[in-house]
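Dear colleague,

My notes on what was found in it follow below.

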Amino acid sequence: MQDRIRILLDEVYRPSTRAHGFVTGRSIRTNAMPHVGKRLILNVDISDFFGSINLLRVRGRLMAPPYNVPNAVATAIARLCTLNDALPVGAPSSPVLANMICSRMDAELTRLARDNGCFYTRYADDITISTQRNRFPAGLVELGLGRRSGSAAAGPELEAVIQGNGFSLNPLKTRVLSRADSQEVCGVVCNEKMNPRRDLRREVRGMIHAWRKFGYAAAAGVWDQKHNWRRAESFERSVRGKLEFLIHIRGEDDAVVHSLVEQFNALPGRTFRTISYPFRGGWKDNLHKTVCVVEAGDDLAVEYRQGSGFLAPNGFILTNSHNVVINGVTAPNIIVRFPDHLGVDIEVEVVHVDANFDFAILKPKDGIWQSALSSNSCQLSFARPSKGDAIWIAGYPNYYIGDPVHTDVGQVLGPRIYEGVEHFRISVPIVKGNSGGPIFNGDGRVIGIATKGVDTDDIVNVQQNGSLYLADLSAIIAPFIQ
């Protein structure tokens with residue numbers, strides 16, 4: 001009965017974009033994604049999460065908008081789905097009811113985080129708040145003797161929201177993590193990119209090595225004695241499950257995962273099917289060859305521009321028009337630079353500019369350079385991204401000579417109109433200097449161009465950023481890349 005109630009509740013529950021636990025299509029990976037590369041991460045834990053939700057809270061939430069369940073029905077559901085006046089851990093209906101109860105808290109914590117230049121997500125009872133600022137405001141965090149000692153405590157504003165929604169925090173699990181720490185969010189390390197814990201990667205590598213060197217029976221015997229405390233069905237299932245988890249967290253086109261998958265598929269005596277893992281040679285490792293700095297200058301006007309761009313097929317460079325237009329006209333001097341690759345300035349000219357779309361196409365003045373660059377072009381996709389899709393942004397924000405290409409991972413938040421043109425917002429800030437850079441989808445194809453952003457990476461205001469849809473530019477681009 002609880003399971004059938006769960007199915008009905010899932011149909012009417014509309015989860016907050018910040019809730020990632022027990023929501024179809026979301027996971028610990030999507031929960032960690034917005035916090036990748038942040039300067040500081042705050043982790044707090046709700047104490048006795050399910051036990052804090054009693055029968056009256058369930059009944060009241062069902063009767064309140066937007067559900068408006070009749071009194072008798074809400075009471076019956078609350079009685080069926082609680083035990084000893086609490087949501088029981090493990091009941092199929094408990095997760096969705098808990099998320100419904102947390103809807104108001106999610107909205108309040110989202111506003112609190114946004115007002116303080118932070119980003120908030122929740123996975124069940126695990127709350128994570130991150131920022132690019134040098135420190136958290138006192139309303140969110142109170143620091144004691146030091147972050148590493150575990151003496152951080154939730155600030156009064158954060159504590160007030162939690163308590164105002166009928167919960168309390170476990171003070172022993174409050175942590176503030178800087179870039180010098182292993183910044184874990186629900187077991188996912190997200191200092192620079194999403195990774196499982198290092199010991200898991202070592203464990204998978206060791207299990208595959210033992211199987212290949214000593215045989216399945218010997219490797220399984222040692223593993224069963226030393227590590228199989230969960231009493232998994234088989235050694236092979238355990239290896240496969242850990243490997244699938246690595247794939248889930250690190251995503252596609254990862255050289256480390258590809259190597260482990262190939263080793264696993266080559267093991268003798270496997271019972272189950274091979275693992276399919278798409279791999280195109282590590283497109284993320286070649287960004288220094290495909291993403292460039294765009295610099296334009298007008299010495300007479302003493303005005304200069306700096307932005308980002310990327311290579312399209314046939315050696316053309318795509319960027320924003322505001323990177324190459326000064327005082328309404330094309331700048332007389334424009335160069336592109338691949339700092340980590342060629343290390344030289346390549347003179348380019350504008351072959352197309354569209355002020356309405358804020359879009360420009362460049363090509364090297366020297367045909368030899370155009371031919372050489374064409375071999376490193378990005379793959380383009382004219383499919384329109386959807387809300388929640390994973391994306392990667394690349395470019396040169398706040399560029400200084402010698403800086404490497406910067407990447408960040410996030411997700412699509414939804415469309416927005418800027419100056420009459422539809423853009424799509426992403427969950428990471430587009431910082432000054434990154435405009436004109438590519439937005440990649442999970443397959444490593446460019447789906448957009450970073451265009452609207454903020455002036456400093458110390459402000460996380462993703463409400464104001466915007467990326468051009470490559471799909472809207474397809475008719476313009478097509479003649480140049482065919």
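A salt bridge, as the term is used here, is a side-chain nitrogen of Lys or Arg within 4 Å of a carboxyl oxygen of Asp or Glu. Please keep in mind that this is a predicted model.

That cut-off matters for aspartate 408, a residue of strand β19, which covers residues 406-418. Aspartate 408 is buried and yet has no salt bridge, since the nearest side chain of opposite charge, that of lysine 38, is 4.6 Å away. Leaving aside residues up to four places away in sequence, aspartate 408 touches Val36, Ile391, Trp392, Ile393 and Val428.

Proline 429 is found in the loop between β20 (421-426) and β21 (438-441), and with a relative accessible area of 10% it counts as buried, because the limit for that term is under 20%. Between proline 429 and isoleucine 393 there are 36 residues in sequence, while their C-alpha atoms are 9.6 Å apart in space.

As for the chain as a whole, it has 14 helices and 23 strands, and 50% of its 482 residues count as buried. Its radius of gyration is 26 Å, which agrees with the value near 23 Å that a compact globule of 482 residues would have, and the C-alpha trace spans about 80 × 60 × 50 Å along its principal axes. Among contacts between residues at least 6 apart in sequence, 66% join residues at least 24 apart. The chain carries 54 positive and 49 negative side chains, with the centres of the two sets 7 Å apart.

Key. Residues numbered from 1 in each chain as written. Predicted model: local features only at pLDDT ≥ 70, side-chain atom pairs only at ≥ 80, totals over all residues. Heavy atoms only, no water. Helix = DSSP H or I, 4+ residues; strand = E, 2+ residues; numbered from the N terminus. Buried < 20%, exposed > 50% of the residue type's maximum accessible area, 1.4 Å probe, protein only. Lys, Arg positive; Asp, Glu negative; His and termini not counted. Contact = heavy atoms within 4.5 Å. Rg over C-alpha atoms; globule rule 2.2 N^0.38 Å. Charge placed at Lys NZ, Arg CZ, Asp CG, Glu CD.
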